[in-house]
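I opened my notebook to look up a few local features. Here is what I checked, entry by entry.

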Amino acid sequence: MPMTKGRRGFLQRLMGTVGLGAAATAASSNALAQSNSPQAGHASAVLPAYARAQNYRSLKESTYDRSGGNADARPIAPGATLDVFNQSGAGIITHVWFTIAADSEYHLKELVLRGYWDGQEKPSIETPVGDFFGLNLGDYVNFESAWIACSPGKSLNSYFAMPYRKGARFTITNESSHRVGAFYSNIDFVALDTLPDDALYFHASYRQAAPCTAIQSDGKNLDGKFNYVYCETRGRGHLLGVTLGVVQNKENWWGEGDEMIFVDNESMPVINGTGSEDFFCGSWDFGGREHAVPFSHHQYGAPLIQSAERTGGRYCCYRFHGDNPVTFTRYLKHTMEHGHANDRADNFYSCAFWYQEQPMTNLPPLPAVKERIPTVKAG
């Protein structure tokens, strides 16, 4: 990934969040061009934000061996919960890294990540680990995006900035009947005295329809009544993106459905797209039955494509709106048709990411663990 789009862009977002000011953020974004100019001007115009004094403390919470030895992982028994982050005061989680050794081949769907903000009893993040990191079908696939990535060695990374004012807690629950032999965690964060008033809370919510319900209609769909729902929330905030896993239950292209996003209006969508592959910034069925090729980019991708357009075909896709988060002031519902006018009954598994002013804690309940395992359900 080019430096200007990846890590430097992340630093710009972080510096703006922790209050280094608009001048520093602007200087960072323009530094490269300014520094190559013979009329660069004052040093403050060319010095990037990461080279200026910071006003936070860099910290990490990890599973390292407290005895000083090399036993840096934690086991998780069936049904047990492991705390991987527990901090009080104001701060921002900047990076999450996990790697897992487990007896079950489905552990990415069976282990559940939950995140709690400011002492709330219910989570604002609740999703199987795999879906959070874009591995919605339980398979490890190496890819990189601006926000999530999977690296060789089955290492999972996220770079979402997650602010909190009074404290934060992250847990991993093993809902499998098998033991997790080793769960490694490194969570990087910054500690602050206060957060800006406009700092929003991060949310991640899992949903699935396995299968979606096929609708027989006249081929028209204006109100999105039967669409697949990625997320629904009330308040003020903005949508950042989604991950989606699809298992095809019949032949041919699954992604003819349009995205339809309802913003401050529960009856009609404000945003209408032109097809699922278009929403994920591909085109023409990602290459079609014979020529589909996996891809992963800064804001969008389909890093897993197996048996394209065939019964049992498997896709993992992601789309982020880092260029233009979808803002809402009262209400948001992000939906997508499953097939044209919802005429297909494939299996959808998704995780949606958004920010809002107050922590939302009434996320939809997770399906039972056995129901989360992706399988073909051809009728």
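I start with a term: buried means under 20% relative accessible area, exposed means over 50%, and partly exposed lies in between (1.4 Å probe, protein chains only). This is a predicted model, where local features need pLDDT of at least 70, side-chain atom pairs count only at pLDDT 80 or more, and totals for chains, interfaces and linings use all residues. Residues are numbered from 1 along each chain as its sequence is written, and side-chain values use heavy atoms, with hydrogens and water left out.

**Cysteines**

I looked for disulfides (a pair of cysteine sulfur atoms within 2.5 Å). I found zero. I checked Cys-231: its nearest cysteine sulfur belongs to Cys-351, 9.6 Å away. Cys-231 is buried, because its relative accessibility is 1%. Next I checked Cys-316, which is in no disulfide either; the sulfur of Cys-317 is the nearest, at 7.3 Å. Cys-316 is buried too, at 3%.

**Backbone**

I noted a cis peptide bond between Ala-210 and Pro-211, with omega about 10°. To place residues I used helices (H or I, at least four residues) and strands (E, at least two), which are DSSP runs numbered from the N terminus. Pro-211 sits in the loop between strand 13 (201-209) and strand 14 (228-234).

I then looked up positive phi values. Asp-118 is not a glycine, yet its phi is near 55°. Asp-118 lies in the loop between strand 5 (111-117) and strand 6 (125-128), and is buried at 18%. Glu-309 has a phi of about 60° and is not a glycine. I found Glu-309 in the loop between strand 19 (300-306) and strand 20 (314-320). Glu-309 is buried at 8%.

**Salt bridges**

How many salt bridges are there? I counted twelve, taking a salt bridge as a side-chain nitrogen of Lys or Arg within 4 Å of a carboxyl oxygen of Asp or Glu.

I looked at Arg-314 and Asp-139 first. Their closest N and O atoms are 2.6 Å apart. Arg-314 is in strand 20 and Asp-139 in the loop between helix 4 (129-132) and strand 7 (143-144), so the pair ties together parts 175 residues apart in sequence. Arg-314 is buried at 17%, whereas Asp-139 is partly exposed at 28%.

I then turned to Glu-175. Glu-175 pairs with Arg-114 at 3.5 Å, N to O, and with Arg-372 at 2.9 Å, N to O. Arg-372 is buried at 0%.
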